[in-house]
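Subject: Structure handover

Hello,

Here is the structure I said I would pass on. Please look through it first; my notes on what was found follow below.

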Amino acid sequence: MTFLAPLFLLGIVAIALPFWLHRLQTQSSDRKPFSSAMLLETTEQRVHVRKKLKYLLLLTLRVALLLLLALVFAKPLWTDPESLPATTPDGTHLILLDTSASMSRSGVFDQAVAQARRAIESAPSGAVLQLLSADDGIHVKSELVSDRSAAGASLAGIRPGALRLDYGDVVAAIDRLAETLPQPVTLHFVSDFQDSGMPVRFADLVSPAISALVPHIVGSGEPFNWTVETIRETAAGVDVGVFGFGHFERAANIELSLNGAIIGERGIISGGQTIERFDGLQMLGGDNRLEVRLEADDDLSVDNRRFHILENVPPAPIPLITLNRDGLPVTYLSAALQSDPDNAYRVEPMVIGEFDSRTLSRYRWVLVDDIGIVSVELEAALTEFVRNGGNLLAFAGMRSATAERIPVSGNTIRPASVGAVSNQFLSVGQVDTGHPALSGTEGWFSVNVSQTVPIDAQSDDQVLIRLENDEPFLIEQRIGQGRVMLVAGGLENQWNDLPIRPVFVSFIVESARYLAGVDRLSKTFVAGATLPLTMTGGSSGQVIDPDGNNVLSLADTARAQQIKLSKPGFYEVYTTQGDYIVAVNPDSRESILQPVADATLQRWVTAMGGQSDAAAIPSFDVEPESVELWHALLLILALVLVAESLLGNLHLTPRTTN
Amino acid sequence: MLAHLKNLDLVARSVVEGFLIGLHRSPKFGFSQEFAEYRSYAEGDDPRFIDWNVYARSDRMVVKRFLGDTNSHLMLLLDASASMGFGGPPVSKLRYAQFLAASLAFLASRQHDAVGCMVFDEEVRDYRAPSSRSGKLQSVLHCIDSAEARTGTKFDKPFDKFREQITRRGLVAVISDFYCDIDKLFEGVRPLAWQGQDVVLFQVLDSQELNPEFRSNVLLEDLETGEAVEVAPQFMRDAYPERMRSHIDSLSAAAAGIGADHVLVKTSDSLDQALRNYLLFRQRRS
């Protein structure tokens, strides 16, 4: 028997407690000193003996209770050696089949299956076999069996996928598995042994737990492979990069489709890299599915399609709450956001009296050019908006200077100010360049500040910019699920020259991206990557894979944190914060069919075989099938608990004493 | 109140003085210190009582005798076994026995009697030979005071030792709870009586031993043997007092059979009764 969490066995020490308590109980029984027992006579009713027995039973139950509790937490495993293959002098033969994208090369996988079958059949009669497949991880395809036919039958269901295989990762995974198997372990690796799959360090290819590596090379010859290497968006359209791997030229036809409709076609003859430009794309609003397809006579077809998302999103409206629609702050902020190269935002100035706070839920974030103008009602609405996940970028302008506290954030305002007592100018003293809203900005130290609204930062506020007199100039505060970014100065161009400094534009654009949360989401992934659903703005949702199947079960739609993107194509993601599409393509390294050099492979084989002498390694029993016992122990624990409660209740009867 | 006094000498003095004041009012006992006669000086007599005038006139050493002065020996045998530690508050049986022994010693000393003491349990723990010398009383009181209740009880050893030491007839006061086999006890007492010693057995018992009160079954542990006996309240209420009375009666009868006296003393009683018994014995001997 083994334990999954043996440290919990330390809990057994707790059985000292009932022993101690019962000892006290025994000592405090009706035992009284008497001058002499000479004239005494033992009563017929041996109450104390009965009581002692009851105490002993209770003690036993309590000790059993604690023992069981410790055992349940320690998670014991019962192993039954009889249910497993007997000791095998020929050890274990692992048949590992490469199912990475490159193995879908024409005819290669059939060769691989045949090689794997031969490896199974040629294994020693006393050996136990296990069939595995490998792409970006190791997958067990059959149990550890002595029966060759059972292992061979499992070959039928294995198909190559679109994922990448790294030989270093495979060896590391096999090494952990082999430690639990009957020794010696012989690894039959059926693969095309791509050079691009080799790790940087040769040492990563060596496993101490594997006694011998038998490589079964498939897909020999001079391969040629076309691949769509890149899709780059340009102002007029897209540039498609195509690469032909091989030592000779071949013809291919490029077909470009947008949202399922073919919009362009080119024929090329090349042996290297070719970039074809497609202009005049008529995109729809939102995410557009762009697919490049190669019609070519090459050896690997899985990389002849490449998928891309072209975003054609109209600028998102950002409400700018102001007192004066024609004021300088509106001009500065509008101009800054219009200069965003992605043209993602459009400022909508709204005069404070006309703004309908019920519309706040339509926006991801809100601008206020002077937080001092916010009324009590609007403050409540903005606070609720931020608390529910909205964001606010606010400036503390001249109207804020007369207030006692900053609305929404609640920061108190001190009466003193930078330039209030003298006409000095201050510069920025400290900038948190690690913050996403400031990491792409430069030139803060050229900003001159003559006056600020002196804000007291709260304990949980993050001061992003401080002036040289250590006063906070930019504060970020988290409220509920949202955040408030507050600049301790206005945009009237009177208290500081920030609006006319170049840094203002980059600050506003980066802050807009940060507050809108768009910079965290990429829409193009490599096959095998994981898509974090929580970073897309919502907690889970539903995902449709390229074949049109739901990726998440009904239960997972509410709790899944991420999904693995294993198929090339378009995944449709539906979350509570919106819908979008992501494109998934095979790893381009799988397109390079160049096999590893013979010398390197031979060195690998030697290194693996030289780890230990297979004949010298003693045979061990096959890792037995383990049964977790904690369920049964939990049941017994419940029964003991009931018994202990009932018996303990009997002792609760009041004791009469002399 | 006396129980709270630490000084045994003071306790004994207080008890005896109080007792004597009571006696003087009673003509029945006629105890006094009035001169009675002269007798020849014998070894062991206190030299303070030698009449030097007679010696000057007649060249003979005589000592004065007073009324009630018998020049007898009093030997106190104090049981300090573990069972004597039972009882109280305010005093255990042993402490009460110590008061009693000290009072007897003090009273005897006032009568110019030689007083000795032996503290015993399974062995003889301490022994002071009888003497009427002035400083001897303090030695006897110290011997009594230093007794501690421990181990079991065996009467044969102290009686054997006492028989070896004693040379003169006198009073022997055995102070114990007498939790023992009476036949065996009297195997030691009987030779003393045959030697001519006047033996008085002071049996000291606590009221919890005479009339124990228990409302439920209780496990009683023998202080000497450690034996635990589970007893029912009915037994302690009915049968046990009967057994105790029977034991006391047997002891009393056995004592009477050899001419010894048996006095039952409860720790809740005053010491006067015991002192009266002593005087009666002393009177009888004289």
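I begin with strand S7 of chain A, where both faces are covered: Val185(A), Leu187(A), Phe189(A) and Ser191(A) on one side, and Thr186(A), His188(A) and Val190(A) on the other, are all buried. Buried here is defined as 20 or more other C-beta atoms within 10 Å of a residue's own, exposed as 12 or fewer, and partly exposed as anything in between, with C-beta atoms placed from the backbone. In a regular strand the side chains alternate between the two faces of the sheet. S7(A) covers residues 185–191, and seven of its seven residues are buried. Strands (E, at least two residues) and helices (H or I, at least four) are DSSP runs, numbered from the N terminus.

This is a predicted model: local features need pLDDT of at least 70, side-chain atom pairs count only at pLDDT 80 or more, and totals for chains, interfaces and linings use all residues. Residues are numbered from 1 along each chain as its sequence is written, while chains are lettered from A and ligands numbered from 1 in the order in which they are written.

S7(A) has two partners to note. Strand S4(A), residues 92–98, runs parallel to S7(A) and is joined to it by six bridges; Leu96(A) stands opposite Phe189(A). Strand S8(A), residues 212–217, also pairs with S7(A) in the parallel sense, over six bridges, and there Leu213(A) is the bridge partner of Leu187(A). Pairing requires that DSSP finds at least two bridges between two strands.

Next, two helices of chain A. H6(A) (residues 328–338) and H8(A) (residues 502–516) pack at an angle of about 70°, with their axes 8 Å apart. The axes are lines fitted to C-alpha atoms over the stretch in contact, and angles between N-to-C directions run from 0 to 180 degrees. H6(A) and H8(A) are therefore roughly perpendicular (65 to 115 degrees; under 35 is roughly parallel, over 145 roughly antiparallel, the rest oblique).

In chain B there are nine helices and 10 strands, and buried residues make up 42% of its 286 residues. Val16(B) is found in helix H1(B), residues 8–24, and is buried, with 22 other C-beta atoms within 10 Å. Val16(B) and Asp272(B) are 256 residues apart in sequence, yet 8.4 Å apart in space, C-alpha to C-alpha.

Regards
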